[in-house]
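Have the sequence and the 3D view open as you read.

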Amino acid sequence: MSDKQRILIISNNSFNEETNNGKTLLSFFSVFESAQIAQLFFKNEMPSFKKFNKYYKLTDKDMILFKFGGIVEFNDTTFQKPKIKTKKISDIKRILRELIWIIGPWRNPKLNNWLNSFNPDIIFFVAGDSIFSYRITSYIQKKFNAKLVTYITDDYILPRTKDTILGSVRRYIIKNRMQRAIVNSKKYFVISEAMKKCYSDVFGKSGIILNNAQDFFKKTNNSLFPREEISLVYAGGLHYKRFKTLIDIKQAIEIYNKKETKKIAKLYIYSNPEIDKNIVKELEGEYSSFCGLVKEEKLVEILNSCDIPVFVESFDSDSIEATRLSLSTKISEYLSLEKPILAVGPECVSSMMTLKDVAYCITCTEELNKKVAYLLGNVELQKKLSVKASKLYSREYNKKNIINRFKEEMNFMN
C-alpha cells in the first residue's frame, strides 16, 4: 500500500482494547503508519491507541445538545474504560435516535475542517445498525471522491420472527442503505463464510471474508487454578441468552463431579458484572464461580492457565437469528491457546460451524451431561483437540498472514 494513501475509518466504536469491534479494528490497522489513519466514531467512549492521533467523536448527546462534537485530545483522562451496555434498546428509542441525527448538526464547520485537514483517499466504513452512519459516510465519500470499503461484522438486515412493525421497517431501511453502500464500494468485507454466502444472494455481489487478526495468546502456563481440578474458563458476553447455556454446562459439571472420585471440574466465568443479580446467582455454585471482568493481560494469563476454554451460543430461537451469521472474536483467541475447546451451541450458527472440526462441539442439550463427562474424562481426546485448534489458528487466523492479505485487498489505488 502506498504511503500516500490516507484511510478514514468510520465506525461506532473507537480504536480500543475493551470492545470487540474496537479490538477487531485495531487488529487490522495497528500496523499502519500514523499519518495514514484517522477515525470518526459515534460512541461516547475514548480511544486507547496512542499511535494514532487523528480522532473525531460525534455522539447522540452532541446531537441532542446541538453541539458539533470534537477532536479527541489525548491526556491522562482519555483512556477511560468504555461502558458496556447489556440492555436492549427499544425500537421506539432507536427511531427517536435516528430523528435526532436527522436534525442534529453533524454536518458542521468543525467536522468539515477536520476532514479537510486529513483529506481521505479511502473510507473504511464499519456498516452497523445506525441509519445515520450510512448518511454521514455517503456525504464524506462524495465530498472527497474517496474510494469506499465496507465492512460488516453482524447481521442487521435479515428478518426476525419477533420483530415489531417499527423494527421491521427499520431493518428494511438499513438493508437499503447497506445495499447502496455495497454498490458504491470498491470491495466489501464480511465476518464469516455463512455471511458471505447469504449476502452474496441478498446483494448480488460477493464479499471477502476478513478474519479477526488475533495476536498469539499462548504463553507460558502459570498455576492460577488448583492442580487437583480440571479448570474450565468462559470469557465473553452473556447477552443473547448465552448465560442459559452456561447454566446447563454448570449443571453438567455438577453431575460429573458427583460421580468422579479422582479429579473434579470447576467452571470459571469472566464477563460483564453489570447483569441481573439473579442470573449471577444461577451461574454460581459449588463448582462454578462468576468472576466479573479482568484486564486483557490478566485474562490472557487466566486462559493460559486453564485446562479447557469454553465457548457458548444460545439455543434460543431469537438469539440464533441474531448470531447465525456472526463470528465471535473469542474463536481466534481460543484457537491460539493450543488447548482443547469445549463449544456448546446450535450447529447452524456460524461460530459453531467454524469450530466443528477442531473443538469438542455439543449441539444438542439432551446430550450435554453425557458429552461433557466424556470430554472431562478423556485426556487423549483433549490432546488431539489441542493440536487441531493450533493448526486451524496457524492456517486461518495467523495475524501476520491476515494483515498481509488485508493490505493486498486494500491496495486498489496504486
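Two strands are said to pair if DSSP finds at least two bridges between them. Helices (H or I, at least four residues) and strands (E, at least two) are DSSP runs, numbered from the N terminus. The model is predicted, so local features need pLDDT of at least 70 and side-chain atom pairs count only at pLDDT 80 or more, while totals for chains, interfaces and linings use all residues. Residues are numbered from 1 along each chain as its sequence is written, and side-chain values use heavy atoms, with hydrogens and water left out.

**The sheet**

Let us begin with the sheet as a whole. Eight strands make up an open sheet with mixed pairing, in the order β4-β3-β2-β1-β5-β6-β7-β8. Its edge strands are β4 (70-71) and β8 (208-209), each of which pairs on one side only.

Strand β1 (residues 7-11) is mostly covered, with five of its five residues buried; buried means under 20% relative accessible area, exposed over 50%, and partly exposed in between (1.4 Å probe, protein chains only). In a regular strand the side chains alternate between the two faces of the sheet. Here Ile7, Ile9 and Ser11 point one way from β1, Leu8 and Ile10 point the other way, and all are buried.

Which residues stand opposite each other along these strands? Serine 11 faces phenylalanine 41 in β2, and isoleucine 10 faces phenylalanine 125 in β5. Further along, isoleucine 152 stands opposite valine 190 in β7. The pairings themselves are listed here.

| Strand | Partner | Sense and bridges |
|---|---|---|
| β1 (residues 7-11) | β2 (residues 37-41) | parallel, five bridges |
| β1 (residues 7-11) | β5 (residues 122-126) | parallel, four bridges |
| β6 (residues 147-152) | β7 (residues 185-190) | parallel, five bridges |

**Helices on the sheet**

β1, helix α1 (residues 20-29) and β2 form a right-handed β-α-β unit. A crossover is right-handed if, with the strands pointing away from the viewer, the path from the first strand over the helix to the second runs clockwise. α1 lies across β1, β2, β5 and β6 and runs at about 170 degrees to β1. Helix α5 (residues 131-144) also lies across β1, β2, β5 and β6, at about 175 degrees to β5. Axes are lines fitted to C-alpha atoms, for helices over the stretch in contact, and angles run from 0 to 180 degrees between N-to-C directions.

**Helix against helix**

The axes of α1 and α16 are 9 Å apart and pack at an angle of about 75 degrees, which makes α1 roughly perpendicular to α16. Angles of 65 to 115 degrees count as roughly perpendicular, under 35 as roughly parallel, over 145 as roughly antiparallel and the rest as oblique. Ser27, Phe28 and Phe29 in α1 meet Lys399, Ile402, Ile403 and Phe406 in α16, where contact means heavy atoms within 4.5 Å.

Helix α15 (residues 379-397) and helix α16 (residues 399-410) have axes that come within 7 Å and cross at roughly 20 degrees. These two helices are therefore roughly parallel to each other. In this contact, Tyr393, Ser394, Glu396 and Tyr397 of α15 meet Lys399, Asn401, Ile402 and Arg405 of α16.

**Two positive phi angles**

Most residues other than glycine have a negative phi. Asparagine 145, in the loop between α5 and β6, has a phi near 50 degrees. Is asparagine 145 buried or exposed? Asparagine 145 is exposed, at a relative accessible area of 67%. Tyrosine 240, in the loop between β9 (229-235) and α8 (242-259), has a phi near 55 degrees. With 39% relative accessibility, tyrosine 240 is partly exposed.
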